[in-house]
Amino acid sequence: LTVKGKHKFGLAFFNSEIVIADSAWTINENNRIILDSNSISVHQFVMNRNKQSLTIDGALSRSKYDKMNLILTEFDLKYINLLTHSIGIDIDGIVSGEAVISDPFNSTIFTSNLTIKNTIFNKTPIGNGFLSSTWDVNKEAIFINCKFTNYGEESLGLKGYYYPNSK
């Protein structure tokens, strides 16, 4: 931990492991997190466990040009249940792909290209699928496309626009 003034500090993990739901995850050594009153910057924060990995890299601030990248490789969604169980959501499956968030202080933009295998939502099998979202500059909206199939049948489909600036 490094304090860089009244409202700014840095954090880095060296030779670190973290235990989540009885599973040990290794944190890479070449990481850096800087927090201040106006932004958060994360440089190559990578957690690994066997074939699974979670990478966070980028910055979020009041600048609409800053973005935070999340890269998942064979990530088991059961770890998210630690956050969602209290609101009645139980999810299982394996996700790989990338998600990006930007402009969180104005009109939060979320884009993604994710594949999800063996998905189960609140004990209901959903199957295998994808979730993609892209920013449409002309419409100032996020186009979302999501489709899951279970045993050859479409189990979930979602396609449309989300307008983050509309109230």
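This is a predicted model: local features need pLDDT of at least 70, side-chain atom pairs count only at pLDDT 80 or more; totals for chains, interfaces and linings use all residues.
Strands β10 and β11 (residues 124-136) run antiparallel and are joined by eight bridges.

**Confidence**

The mean pLDDT of the chain is 91, and 96% of the residues score at least 70. Confidence is lowest in strand β1 (residues 2-3), where the mean is 66. The highest value, 97, belongs to strand β8 (residues 67-76).

**Paired strands**

| Strands | Bridges | Residue pair | Residues between the strands |
|---|---|---|---|
| β6 and β7 | eight | N48 and S53 | two |
| β7 and β8 | six | D57 and N69 | six |
| β10 and β11 | eight | I120 and P125 | two |
| β11 and β12 | nine | N128 and T149 | four |

In the hairpin of β6 and β7, the turn contains N50, whose phi is positive at about 50 degrees. Strand β7 then forms a hairpin with β8, with six residues between them. Further along, β10 and β11 form a hairpin in which the turn residue N122 has a positive phi of about 45 degrees. Strand β11 in turn forms a hairpin with β12, and there E140 takes a positive phi near 50 degrees.

Seven of its nine residues are buried, so β7 is largely enclosed by the rest of the structure.

**The nonpolar core**

The largest nonpolar core has 20 residues, and F45, F75, L77 and V95 touch the most other members. At least two residues of this core come from each of β4, β6 (40-49), β7 (52-60), β8, β9 (91-102), β10 (109-121) and β12 (141-150). In soluble globular proteins, nonpolar side chains tend to be buried together.

E29 is found in the loop between β4 (23-27) and β5 (32-36). Not counting residues up to four places away in sequence, E29 touches F13, F14 and N15. E29 and Q44 are 15 residues apart in sequence, and their C-alpha atoms are 9.0 Å apart in space.

D103 lies in the loop between β9 and β10. D103 is buried yet has no salt bridge. The nearest side chain of opposite charge is that of K64, at 6.9 Å, whereas a salt bridge requires a side-chain nitrogen of Lys or Arg within 4 Å of a carboxyl oxygen. Leaving aside neighbours within four places in sequence, D103 is in contact with R62, K64, D66 and T108.

How values were computed. Residues are numbered from 1 along each chain as its sequence is written. Side-chain values use heavy atoms; hydrogens and water are left out. pLDDT is the predictor's confidence in each residue, from 0 to 100. Contact means heavy atoms within 4.5 Å. A nonpolar core is a set of buried Ala, Val, Leu, Ile, Met, Phe, Trp, Tyr and Cys residues joined through side-chain atoms within 4.5 Å. Buried means under 20% relative accessible area, exposed over 50%, partly exposed in between (1.4 Å probe, protein chains only). Two strands pair if DSSP finds at least two bridges between them. Lys and Arg count as positive and Asp and Glu as negative; His and the chain ends are not counted.
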